[in-house]
Amino acid sequence: MAVNNELLGREFPETPPYLVGREKVREFARAVFADAPLHTDVDAARALGYTDVVAPPTFAMVIQDQTLQQLLNEPDSGIVLARTIHAEQRFAYTRPIVAGDELSARLTVTGIRMMAGNTMITSEAEITDAAGAHVVTATSVLLVGSDDAAGEEDA
C-alpha cells in the first residue's frame, strides 16, 4: 500500500494537555547529556528568570510524539512503521518549555514528496500552552520506504 497523498493538508485533533514535570525535564536532560544547570537546578533556572527548570530544546519531541502517533495510527495513511525512519527534525521556538507548562499540540501534514520510489512526509506540530499561546513548532520528516524496497529485502 502506498502512502496516501490525501494526507497532505490533513489536520489532526489537538492532543490532550501534557503537564511538563520537573523530574521529566531532569530525566530528559540527563538522557540527552544537556548538563547546563538550568535543566536540573531550580535555583539556577530562577536566577536566569525562569519559574522552574527549563527543558532542553529537543524535549518538544515528547509532546510532538503524541501527534505523530495520530498520524501513524491513521487507518488510511498507507504508512508502514516497519518501513519508516525519522529522517529530519526541526524546532522553531517562541519561548522555552519550562516545568509546570501544560502543553497541547495540533499536527498538520504539510508536505508529501516522492523520492526514488520512497515517500517523504513533512508534518508540523504547533505546540501551545494552556493559554493557547505558541511555544514551539516542531517539524518532522518521515521517510517511508516503498513496497518494492520491502519486497527486495525479503527476496
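Colleague: Before we count anything, what is a salt bridge?
Modeller: A salt bridge is a side-chain nitrogen of Lys or Arg within 4 Å of a carboxyl oxygen of Asp or Glu. This is a predicted model: local features need pLDDT of at least 70, side-chain atom pairs count only at pLDDT 80 or more, and totals for chains, interfaces and linings use all residues. Residues are numbered from 1 along each chain as its sequence is written, and side-chain values use heavy atoms, with hydrogens and water left out.

Colleague: How many salt bridges are in the whole structure?
Modeller: The search finds 8.

Colleague: Which residue does Arg10 pair with?
Modeller: Asp76, with the closest N and O atoms 2.9 Å apart. Arg10 and Asp76 are 66 residues apart in sequence, so the pair ties together separate parts. Arg10 and Asp76 are also linked with Glu74 in a network of salt bridges.

Colleague: And Arg22, what is its partner?
Modeller: Asp52, at 2.7 Å between the closest N and O atoms.

Colleague: Is Asp52 buried or exposed?
Modeller: Asp52 is buried, with a relative accessible area of 10%. Buried means under 20%, exposed over 50%, partly exposed in between (1.4 Å probe, protein chains only). Arg22 is partly exposed at 33%.

Colleague: New topic. What is the mean pLDDT?
Modeller: The mean is 94, and 94% of residues reach 70 or more. pLDDT is the predictor's confidence in each residue, from 0 to 100.

Colleague: Where does pLDDT stay under 50?
Modeller: Over residues 150–155. The model has 1 contact (heavy atoms within 4.5 Å) beyond four places in sequence for residues 150–155. Where pLDDT is low, the predicted coordinates should not be read in detail.

Terms used
Helices (H or I, at least four residues) and strands (E, at least two) are DSSP runs, numbered from the N terminus.
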